[in-house]
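Open the model in your viewer and keep the selection panel at hand. This tour goes stop by stop.

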Amino acid sequence: MRGSHAHCCFKFRAPGPDTRKMTCEQTQALIQSQHGAVLSTGPNTYDRYVRQFGNECDAPYVPMVDYVPTSDGRCMVYRCEEPAPMVPD
């Protein structure tokens, strides 16, 4: 077309809600209700957090405990991680 410019189609998605502006209860409830959510945990940090019992993680990843800052302290949540290999004694 005349006078038009082709632009690539990448859009950067802003991270979801900021855990520092929510209570721990609100953060956990949001993850539970959506089965998983991308949440901001700081000015330039974010990650995807999931329910403890669900199928949101692709194998071999499993829900592992993590902690995020919330308005009322540290909050236990889960994110998908590859489990550490079992080392025999």
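Start with the whole protein chain, coloured by secondary structure. The protein chain has one helix and four strands. Along the sequence they follow the pattern α-β-β-β-β. Helices (H or I, at least four residues) and strands (E, at least two) are DSSP runs, numbered from the N terminus. This is a predicted model, where local features need pLDDT of at least 70, side-chain atom pairs count only at pLDDT 80 or more, and totals for chains, interfaces and linings use all residues. Residues are numbered from 1 along each chain as its sequence is written, and side-chain values use heavy atoms, with hydrogens and water left out.

Now show the surface. The protein chain exposes about 7,100 Å², by the Shrake-Rupley method with a 1.4 Å probe; for residues, only the protein chains shown count as cover. Carbon and sulfur atoms supply 55% of that area. Of the 89 residues, 27% are buried. Buried means under 20% relative accessible area, exposed over 50%, partly exposed in between (1.4 Å probe, protein chains only).

Next, select helix H1 (24-34). Which residues of H1 are buried? They are Cys24, Thr27, Leu30 and Ile31. Look down the axis of H1: these buried residues fall within an arc of 130 degrees, so they line one face of the helix. The arc is that of the directions from the helix axis to the C-beta atoms. An α-helix has 3.6 residues a turn, so residues three or four places apart point the same way. Glu25 and Ser33 are exposed on the other side of H1.

What covers the buried residues of H1? The cover includes E1, strand E2 (45-50), strand E3 (62-70) and E4.

Select the largest nonpolar core: Met22, Cys24, Leu30, Ile31, Ala37, Leu39, Tyr49, Val68, Cys75 and Val77. Such a core is a set of buried Ala, Val, Leu, Ile, Met, Phe, Trp, Tyr and Cys residues joined through side-chain atoms within 4.5 Å. H1, strand E1 (36-42) and strand E4 (73-81) each give two or more residues to this core. H1 gives the most, with three.

Zoom in on Leu39. Leaving aside neighbours within four places in sequence, the contacts of Leu39 (heavy atoms within 4.5 Å) include Pro17, Leu30, Ile31 and Tyr49.

Finish at E3 and E4. Nine bridges join these antiparallel strands, and a hairpin connects E3 to E4 through two residues. Two strands pair if DSSP finds at least two bridges between them. Pick Val62: it stands opposite Glu81 in E4.
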